[in-house]
Amino acid sequence: MSAPNIDTIVSLAKRRGFVFPSSDIYGGLGSAWDYGPLGVELSNNIKQSWWRWLVYERDDIEGIDSSIILNRLVWKYSGHEATFHDPLVDCRECKTRMRADKIEGKCANCGSTNLTEPRNFNMMFRTVLGAAAEEDDPTALAYLRPETAQGIFINFLNVQTTLRRKIPFGIAQIGKSFRNEITPGNFILRTREFEQMEMEYFVKPDAEHLKLVDEWVELYLEWFKSLGISGDNLQLHEVPADELAHYSKRTVDIMYRYFPERPEQERQWEELMGIAYRTDFDLRSHSNKPVDDEGKRVNPDSTEDLSYFDETTKQRFYPHVIEPAAGVNRTVLAVLMDAYSEKTNDKGETRVILRLSPQLAPIKAAILPLAKNKPEIVGMAKAIKRSLQPVLRAVYDDTGGIGKLYARQDEIGTPMCVTVDHQSLEDEAVTVRDRDTWEQERVKVAELADYLQRRLKATSPVQPVAGTSSLEI
Ligand code: GAP
């Protein structure tokens, strides 16, 4: 079972402290969201899983963290200033503003076909740099990055030379990106500020690029499944040639079933991430050597040539790039939707259980005293919580009866509850309750940390084996 719709998750996320509407006390800010204490843990756990999987467990990927605001020329030569726009239309009847490519000729609000002609709207957020800068001073104009990728391309030589990397290798980055979306919405699915996990994988010009795209698609499908997402809710979409981004020769999107309540199959899916073959477009266009048909330098502003010298073949070339680009927020939403389930107890009450993979669960164990008015029990429970803290994320809670406390932890996905009772004072043992089966086991306090760590590991889906590429590249 997964969530019946996004609204179920919006309500759970707000009620239990995962995600709150941003600026709520001032009426909110269209489609901006704040991550609460549990949301930030979940999102950090996803990012850590990704980083571990690509940067630590493989031999061929380095990480970086580049600036959000880059020199404006980066966006000129990346093509974003000229092409990063959506077609915008206004409804002449109800004045609603929409993306023309999402509405099939009819106003999404009132159904009218009396629309303005589509015009291009650049989605990059503008800002001005410097205390004395005027609003319209072109020399002070800068943008908030709309993708993390460009920070990687402009650092290609820095990473390659300082780490003495040979092709093929990749550079990974996690960070915020900003797009002035015309129609944001559907909770954290489409927002103006969001986080990306992008990796640029540099290969030879004659590598099997299209096959490499397939290979990365397979690796990512396995990674999403390792996060607990069901393969039934994942689907591939080959982006048609006329919809490809300006830099792409091929893109495959991994789609998630974010809208299971919709009757038509094809409208149930939305992009979770994309895997693109970006050719040598970016490294070439940021380089100062390439010339046009008339022999003029295409990029007279760059001070570098971002080409690569292959020691074995003694050839110099611009590496080609395979780019898997994933959204943190869309992964958070997919993970939450997929983990959502309901279970009915002996009394016929329906409980929400968030079956998060233990590696992602914000809290790994909750320590609960059976009687909060008994100082010895409370003291023992707090001491156990403190002793677990250095090895795993544990919380102490005594704000309700035990049934209510269990239900609360089930709803936020805590894999294990540890109950301290009267007998614990005698036998130095506690009851460990499993979130998914509700089965209980008695465990000695001295063995508890090892026991919990073993159980958490055993119930986490196996991480995919992510070796270097098996293809001839
Ligand atoms: N560098 C390539 C690139 O940025 P993209 O398909 O535009 O490709 C990659 O973005 C991923 O970033 C998307 O698959 C999605 O997960 C996430 N993303 C893009 N726009 C977003 C938005 N407005 N809100 C939330 N996530 C977004």
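The lining of the second largest pocket divides into 10 nonpolar, 6 polar and 6 charged residues. Here Ala, Val, Leu, Ile, Met, Phe, Trp, Tyr, Cys and Pro count as nonpolar, Asp, Glu, Lys and Arg as charged, and the others, Gly among them, as polar. The model is predicted: local features need pLDDT of at least 70, side-chain atom pairs count only at pLDDT 80 or more, and totals for chains, interfaces and linings use all residues. Residues are numbered from 1 along each chain as its sequence is written, and side-chain values use heavy atoms, with hydrogens and water left out.

A pocket is an open set of points on a 1 Å grid over the protein atoms alone, where a 1.4 Å probe fits, with protein on both sides within 12 Å along at least five of seven lines; lining residues have an atom within 4 Å of a point. The second largest pocket holds about 390 Å³ of space, a volume being the space filled by probe spheres set on the points, which are joined across faces, edges and corners. Its lining has 22 residues. Nearest the centre lie Ala 32, Trp 33, Lys 176, Glu 193 and Phe 194. At least two lining residues come from each of β2 (33-35), α2 (37-56), β10 (169-178), β11 (193-203) and α9 (328-339). These elements are DSSP runs numbered from the N terminus: helices are H or I, at least four residues, and strands are E, at least two.

Now follow α9. Its 12 residues reach 16 Å from first C-alpha to last, close to the 16 Å expected at 1.5 Å a residue; the expected span is 1.5 Å times one less than the number of residues.

Next, the strands. Two strands pair if DSSP finds at least two bridges between them. β9 (residues 141-144) pairs with β4 (residues 69-70) in the antiparallel sense over 2 bridges. β8 (residues 126-128) and β9 also pair in the antiparallel sense, over 3 bridges. Tyr 143 of β9 is the bridge partner of Leu 70 and of Arg 126.

Last, the cysteines. A disulfide is a pair of cysteine sulfur atoms within 2.5 Å; the count comes to 0. The closest cysteine sulfur to that of Cys 91 is in Cys 94, 3.7 Å away, too far for a bond. Cys 94 is in no disulfide either; its nearest cysteine sulfur, that of Cys 107, is 3.6 Å away. Cys 91 is buried at 1% relative accessibility, whereas Cys 94 is partly exposed at 27%.

Definitions and conventions:
Buried means under 20% relative accessible area, exposed over 50%, partly exposed in between (1.4 Å probe, protein chains only).
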